[in-house]
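Let's take a friendly walk through a protein fold together. Have the sequence and the 3D view ready as you read.

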Amino acid sequence: MIIFKDIVSGDEIISDTWDLKEIDDTVYEIDCKKVTKGVDNVDIGANPSAEEAEETLEEGQTTVIDVVDAFRLNFLGDEASGTRLFGTKKEYMGQLKTYMKKVVEKMKESGADEAAIKKFQTSAQAYYTKQIAPNFKDYDFYVGESMDTDGMVLLLNYREDGITPFITVWKHGLTQMKV
């Protein structure tokens, strides 16, 4: 198994037990599942179909997103009120620019050539412009277990079906650890 860690914070972000879909050599998108955790029961099955009635939770049970729970990711904001840490694109861009500079530094330290770094910067900008900015209001933001906001901020959104959550992580911001 391979664990992917954030190169800035060192937090475990994801593993290869999930299906990582590489997008434009820039990010990985990982489809997640909502699961019910309870005192004696962990339901890791599929999401209920749209036709089924919403299941009621028994006392002591909670619904979580599997990746968020497995890697102890932390919501940036107040989940109860739905308030996010990055209320505007400008606020998020400030964090993202700082993080991307750190990723470039790490790429240089690991011997990446200027062409690879330029390609990463160009593709990251394009992904932000085409995917993140137009859908900014739909994203929730998470960080790793250390809660280091200088590290990678993971983006959580839902697929077009409105049911399937997915996480977006920056490919070049990850290191691999075999276990």
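This report looks at the sheet, the helices beside it, the nonpolar core and one arginine. Keep in mind that the model is predicted.

**The sheet**

Start with the strands. Six of them make an open sheet, in the order S3-S4-S13-S12-S11-S8, with antiparallel pairing. At the edges you will find strand S3 (20-23) and strand S8 (74-75), each of which pairs on one side only. Between S3 and strand S4 (residues 27-31) there are 4 bridges, again antiparallel. In one of these pairs, Lys 21 has Glu 29 in S4 as its bridge partner.

| Helix | Strands touched | Angle with the direction of S13 |
|---|---|---|
| H2 | S11 (140-143), S12 and S13 | about 45 degrees |
| H3 (residues 114-132) | S3, S4, S12 and S13 | about 155 degrees |

**The core**

The largest nonpolar core holds 48 residues, and Ile 14, Phe 141 and Trp 170 are among those with the most contacts inside it. Helix H2 (residues 89-109) is the top contributor to this core, with 8 residues. Follow Trp 170 in the viewer: its contacts include Tyr 92, Leu 96, Ala 124 and Met 152.

**One arginine**

Where does Arg 159 sit? Look in the loop between strand S12 (154-158) and strand S13 (165-170). Its side chain makes a polar contact of 2.9 Å with the side chain of Glu 29, and another of 2.8 Å with that of Asp 31. Arg 159 also touches other residues, including Lys 21 and Phe 166.

Note on methods:
Residues numbered from 1 in each chain as written. Predicted model: local features only at pLDDT ≥ 70, side-chain atom pairs only at ≥ 80, totals over all residues. Heavy atoms only, no water. Helix = DSSP H or I, 4+ residues; strand = E, 2+ residues; numbered from the N terminus. Polar contact = N/O pair within 3.5 Å; in protein donor to acceptor, adjacent residues only side chain to side chain. Contact = heavy atoms within 4.5 Å. Core = buried A, V, L, I, M, F, W, Y, C linked by side-chain atoms within 4.5 Å. Buried < 20%, exposed > 50% of the residue type's maximum accessible area, 1.4 Å probe, protein only. Pairing = 2+ DSSP bridges. Axes fitted to C-alpha atoms, helices over the stretch in contact; angles between N-to-C directions. Lists of a residue's contacts leave out its neighbours within four places in sequence.
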